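Please examine the structure shown here, then work through the questions and answers that follow.

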Amino acid sequence: MLQNPAEARRLKTGTRILLTGGGTAGHVNPALAIGAALAEPGSEVLFVGVKGRAEEQVVPREGIPIHFVRASGFPGARPSPAFVRFLLDLAVGTAQAAATLLRFRPDVIIGTGGFASAPVIFAATFLKKLRLSKARVFVHEQNAVPGKLNRLVGRYAEKVFVTFPETLSLFPGNGALTGYPVRKRIGHVAPEEARARLDFTVPEGRTVVFVFGGSQGSRSLNRGLVDALGDLMPHAGRLFVVHGTGLFKGGGYDAEADTAARLATRYTEEERARIATFYLSRSYFHDIASVYALASLVVIRGGSGSLNEVARMGIPALVVPKANLPGDHQVANARALERAGGAEVIYEETVLSDGRLVEVLDGARLARRILALAEDPVRRADMSKKGRDVLGIDAAAEIAHHVRHGRASTVIDPTLVPAPTVVSNAALLSRLEKAAAAAGRSYRVEDVVEPRDLAWFRSRAASLLVHDEWEARNLGVKLLGLLDGTEKVPLLLALLADRTPAPLLQRLLGGDFAQVGFVRRNVYTALARLDVVDAGVEEALLAGFTDPYWEVRAEAARTAARFAGRLARHVEIVAALGKGLCDRNLEAAAAAAEALGTLGGERDALPALLALADYRFWKVRAAALRGVLSLVERGEVRDREKLKQALPGFLLTSTDFRPQFEMKLSYRRVLEALSRGQEAS
Amino acid sequence: MIFWIGKLLAPFHAFSFLRLAEYLSSRSIGAALTAVLLTLWITPKVIWWLQRRAFVDQVRETGIPSAFDKAGTPVMGGVVLVGVVTASCLLWCNLGSGYALLVLLGMVWFGAIGFVDDRAKMMAKSGDKGMSEPKKLLLQGAFAALLVAVLASPWTPLPAAESARLHLPFLKTAVLDNPWFYFPFVFLFVLLVGNSVNITDGMDGLAIVPSVFAISVLGVFGYLLGNAIWSRYLFYPFLPGAGELAVFASAFAGAGIGFLWFNAYPAQIFMGDTGSLSIGGSLAVASVLLKQEALFVILGGLFVAEAFSSQVQDKIGIKLLGRRLFARAPLHHAMAYNGLAETKVVVRLWIVAGILALAALATLKLR
């Protein structure tokens, strides 16, 4: 065990370290922190990044030379101009990186993800294969769900350092838990000193809640907090809310001004005066360490950087992860910390407003969660300890230890490493579909999905409804039906109402609307599952009976049949179904006939159904008979003799039959008998 | 083999009856009879053997064997087809003929691809997890490229003047003589036709009978075009040696009929991809060698319609437009959707295929 070859390669002074990673500050800062921990007197450090991104400003400020390579984000592997550009950039970038590597001759390469690091790692792997480089390659992943490139690049690295234990399972063999390298900027400040340093005073004996959506701020967090203040008012004497709105300006949103305006419109002057006794907002805190020192609770976004910052300082967190990011990594981060016991998670809702996705945080819910934590010091102390336990490692030092000695400084029990917690939408759908098929009518989503995840899953599914690709919208529709997302019915109806025509080429090939046939059909399937009958749904049903696509007409008829007895516009719907019997498509006609049998009566349905007696397709004739049967069973038919006389008019020849294979029947009976015996014993 | 034995021994008086072995007609009949009898004899054993090795049709969703569905029926009957046709051809064909060798190679090559695909499905215990589509196409493309290379080389069995000519039905002269068009066309033709039977093979007996019709008509073409007098009389290019394709076609038709004996509804054995791809490969190569590529639209009209409907439905409808363009696809599923029982769909499509085969035969004289 001690003959670890890596150990023999201890770093000497004069080590040449190449840092790469970027695109956003979230990738650059960890790289710099690791670099600082690794660098010793005499070692040389070089940063490789992309021009025009965060690293261009941050890195020179640290006095580290920077080289630029070409790179762009992965647009998805489908033929598109963006994909061609990506490949081109990757090729050129890798060549540039190879040139840099050959000149700088690094001993150690640290990649922290983001697309900037890809060309460097590819080039390094390539040069190593050619024996032109001896550099040892390491990768650090900040999020619980690794980015696509890090996942790929991780295979070639000597080690992949991960922040959250959940991520280890994705890098079997070379993953190592180190935590998140924080730059040593935010030191520890004693509360008394903090009070002295801050330019505002917090009354004695208050529980300080620090709400902060990052330096740029977060709209849904800011708005949600303003809404929550009303519910927090009765607790003004015990609370003090410090709010960092963020500096964001642009795109129709100005973080600070919007927050002030929302306060002004939501609350009366009197209320605002009360709020001022326990609420303070600033666009930015220059001395954030002092604010942290006073805070007993933070409400933050799920970015890995801020999560790690507060966990290390032992501040319990209420995390509002931003939804719909690649791999849902903020959610994964938040859940990882929640699982460890250091945080609680509250999900935003994704709602549609003027056809655009808007994330909304419910103020009342936020207030409830803040109060619950603010008034439970025992729980907070527990969270503080657990958060520190899981994310409190000095990551940069730990990584340096790994690089120098080839192993961890402490041993982690592998049985404690949890599996990833985030499920993809597609995987979720197949799980739900399987459960629904097995349970039939007794299907309840709560049996399949953990109740606390439901809101998040629904909100995630709803956000798919405005996706550019219809396949994604379709997925969202199916998910909402199976997730029992009753409150999202208006969104589903909005899809049906959207009659934007499809692009010309698609219309020439037989397409109709941008909300394609499958999406519309599945909306009706979802509506039937959600079992909501209101004016909007009935309107949609009536529209569905005349949809240009036959599967939609058929599904609308089946859905209407499920709502029997609850339809306010019953007469209209029965009349429309009567017209549907003449449908060109036999499935739609059959569905209309059956629905007519469940909804109609002797006067409005029976004659129409009997008129189908010699319809061309026997499937429609059979459906008409089923419709008649359901009329009889419901006691709608009074003149039974007349019906008896009419029935022989049905053309009974059928060209289908159902075979029964004696052999297989016996075989199945044996199997069934065996499984019965098993249950009994 | 018998062809050579006949050649060798016929000069001796005692074996003079072996002169028959030189006649295409007698060798064709011999090949067909051998194939039928061999198939009837061997298939029950193969069914038993396949069952033993669990090479049976896989249940798709539920794990419960149903009394109605067909899961559990031995698959890979195509192995019998390929094996019997090969054996019969080894006996009766002139193995020195490039025509016979190329078409046999096409059948075996495509059959082998199908075999690997079938086996993958068995191993995965799922009807949906066969060989990947690109991999299949790559292997088929390799054969198509090989065929094109042989046709473009001096070793082509076709007369040199014909090598890059494209003939159309009803027209006496070739419409095009351009290798830059013709050879890529042949490449695509082999890929498309090679896979078309695969899509048709979805109901008991549905693929085999139209295949027998089609290959028989091609056999007739081979017999006539390989005959100097007939080809001149019908205004076709004379293809010396193409008569061997008649022997091959007879063997194939014989094996097909023998297979139908067991494959007729309700089937005791399925041909699997092994069968459907080998049939597709044979039809493709035989059409190319006889310069009757364009005729395939009529001759294999059923296969074309099945493949076309399925591709349009899947690629344009479901993938691009997000809707079904046909009620169901391929064709035989659409008919079942309309309420026809499987047996009825199959017989109706046999009738259609028969009419198309006759129409294709009629083009011989209509020029």
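Q: How are α12(A) and α15(A) oriented to each other?
A: In this predicted model, local features need pLDDT of at least 70, side-chain atom pairs count only at pLDDT 80 or more, and totals for chains, interfaces and linings use all residues. Residues are numbered from 1 along each chain as its sequence is written, and chains are lettered from A in the order in which they are written. The axes (lines fitted to C-alpha atoms over the stretch in contact, with angles from 0 to 180 degrees between N-to-C directions) of helix α12 (residues 304-313) and helix α15 (residues 377-391) of chain A come within 7 Å and cross at roughly 120°. Angles under 35 degrees count as roughly parallel, over 145 as roughly antiparallel, 65 to 115 as roughly perpendicular and the rest as oblique, so α12(A) and α15(A) are oblique.

Q: Which residues in α15(A) does α12(A) meet?
A: Helices are DSSP runs (H or I, at least four residues), numbered from the N terminus. Contact requires C-beta atoms, placed from the backbone, within 7 Å. From α12(A), A:Asn308, A:Ala311 and A:Arg312 meet A:Gly387, A:Arg388 and A:Leu391.

Q: How many residues of chain A are in contact with chain B?
A: On the side of chain B, 17 residues take part; their partners in chain A number 27.

Note on methods
Helices (H or I, at least four residues) and strands (E, at least two) are DSSP runs, numbered from the N terminus. Two residues are in contact if their C-beta atoms, placed from the backbone, lie within 7 Å.
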